[in-house]
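Take a walk through this structure, from the whole chain down to single pairs of side chains. Keep the view open while reading.

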Amino acid sequence: IPVQPFDYVVFGATGDLTKRKLIPALYHRFKDGQFDEQSRIIGVSRSPLSDADFQKLARDAVAEFVEKEYRDKETIERFVSIFSYIVNDVTNQDGWGDLGKALRDDSQVVRAFYLAVAPNLFEPICEYLGKRKYYRRDARVVLEKPLGHDLISSQEINDGVARIFAEDQVYRIDHYLGKETVQNLLALRFANTLFEPVWNSTHIDHVQLTVAESVGAGTRGYYDESGALRDMIQNHMLQLLCLVAMEPPASDDANALRDEKLKVLRALRPIANGDVGKVTVRGQYRGVTSETTSVKGYQDELPEGKKGSRTETFVALKAEIQNWRWAGVPFYFRTGKRMARRVSEICIQFRDIPHSIFDHAEGAPRPNKLIIRLQPDEGVKLLMMIKDPGPGGMRLREVPLNLSFAQTFSERTPEAYERLLLDVVRGNQTLFMRRDELEAAWAWVDPIREAWDRASEPPQPYTAGTWGPTGSIALIERDGRTWHEDD
Ligand code: BG6
């Protein structure tokens, strides 16, 4: 079913995000018949392009970033025909008039402004968008990260936007929330009766959240200013934590859900200065050269002026949530670039059985684990103990009850942006971060960052292609636990 017709204005139209993520996502939704015929995409950027140039850019982006089996010439041509372009250096007056003319003055046409630009431009752009030609009370503004580099800067950015747009008009993207498996976490928890009764400290020993990437970081210009804590933990991973740990909301209403997520963030035990060294580990990858591979270290990827950078490309930390449900249950996080392989997963480890009757059996009972795999190979797996088949004695074995999405469903898994871009048109803020959530996340992360900045020692080195520095293994093993590693 098509969504309402829209004018989607994309600032930063020639940038990487537009080409890699936004255009391919819009293409898929268009191809599936979700665009009303009246819908338009208007690109805005400084580069002096014509409509035809921008349409070519869109065509090229589809050719490069949409899998071959979904590309067909006729659909691509219909798709690019809804693209137009406006040359506009947003910091001066030129070009704004053209945008005013391009927007349709029809309340049935949803008006959305996507700011795929550096955050220092949010405020000046919003200021213009507040003028009569562009602003409508029902217009929407979509913000891309980084939304600040600490609490204060994020407040400044949000204040700038809030001078024009009310909170119910603001859509802050965290693309992890658009991932199919992340939404599935909600279904798993709140559409089944099985899990909720055991979803607490009585039954759960601890939770592990891993987002490991095999790619490096150095060629991404922004990364050195950011580091893994700001780039992954502050946003994506804390959002995952919220979905795992929140209380059941009363409904799927956007604010009901976001209220519950906010409570989790506010219940995170602050990591005090003196504890930072004990419960956090930061690392930076070193290059590796062998007969078969040669991978550069982070330092070698940096431009001259940045050599010696102490930016972390890996973080492991232990967090605690101070409430009745989770008291005493540690949440271990780890994320990094150039790790052994790409895997994002949440592992819920249940407690040991209270008493074993299998003293004479081969193999001791191991605690159950529920593993929610976000990528790659999305799925849910429950590790449980069974008796090894056979007439002999009792032999216990851990086996997975495995739900692989790829094997169960024939549909392709949509990319996060497909869902999120159209949720903006639908006016559904459920999968977008509210301002108070964002600020609560910064408030928790800032003291860690500050303690690291003051620390005399640099991040611990780890070899590219491994699971991170040895300190991260020690972090969890000190508690008598180990990182979950799938076969
Ligand atoms: C982005 C980070 O937000 O998420 C990148 O800035 C990271 O550094 C990316 O690579 C990971 O996203 P995904 O969807 O590939 O897991």
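Helices here are DSSP runs of H or I with at least four residues, strands are runs of E with at least two, and both are numbered from the N terminus. By that count, the chain has 15 helices and 17 strands. The model is a predicted one. Its radius of gyration is 24 Å, close to the 23 Å that the globule rule gives for 487 residues, so the chain is as compact as a globular protein of that length. The C-alpha trace spans about 80 × 50 × 50 Å along its principal axes.

How much of the chain is buried? Buried residues make up 52% of the 487. The exposed surface comes to about 22,400 Å², and carbon and sulfur atoms supply 51% of it.

Now turn to an open sheet. Six strands line up in the order β3-β2-β1-β4-β5-β6, with parallel pairing. Which strands stand at the edges? They are β3 (83–87) and β6 (170–172). Each has a single partner strand, so one side of each is left without a neighbour in the sheet. Neighbouring strands of this sheet are turned by 20° against each other on average, direction ignored. Inside the sheet, β1 (residues 6–11) runs parallel to β2 (residues 40–45), and 5 bridges join the two.

Strand β11 (residues 314–319) shows antiparallel pairing. It pairs with β8 (residues 280–286) over 4 bridges, where G283 stands opposite F314. Strand β11 also pairs with β12 (residues 331–336), over 6 bridges. There A316 stands opposite R334.

Charged pairs come next. Side chains of opposite charge can pair when their charged atoms come close. The structure holds 42 salt bridges. In one of them, R137 meets D168, with the closest N and O atoms 3.0 Å apart. R137 lies in the loop between α5 (122–129) and β5 (140–143), and D168 in the loop between α6 (151–162) and β6, so the pair ties together parts that are 31 residues apart in sequence. R137 is partly exposed, at 49% relative accessible area. D168 is partly exposed too, at 44%.

A second pair sits within one helix. D275 and K278 meet in a salt bridge at 3.2 Å, N to O. Both belong to α10 (residues 273–279), and being 3 residues apart, they are separated by about one helical turn. K278 counts as exposed, at 51% relative accessibility.

Definitions and conventions. Residues numbered from 1 in each chain as written. Predicted model: local features only at pLDDT ≥ 70, side-chain atom pairs only at ≥ 80, totals over all residues. Heavy atoms only, no water. Pairing = 2+ DSSP bridges. Axes fitted to C-alpha atoms, helices over the stretch in contact; angles between N-to-C directions. Salt bridge = Lys/Arg side-chain N within 4 Å of Asp/Glu carboxyl O. Buried < 20%, exposed > 50% of the residue type's maximum accessible area, 1.4 Å probe, protein only. Rg over C-alpha atoms; globule rule 2.2 N^0.38 Å. Areas by Shrake-Rupley, 256 points an atom, 1.4 Å probe, with all protein chains shown as cover.
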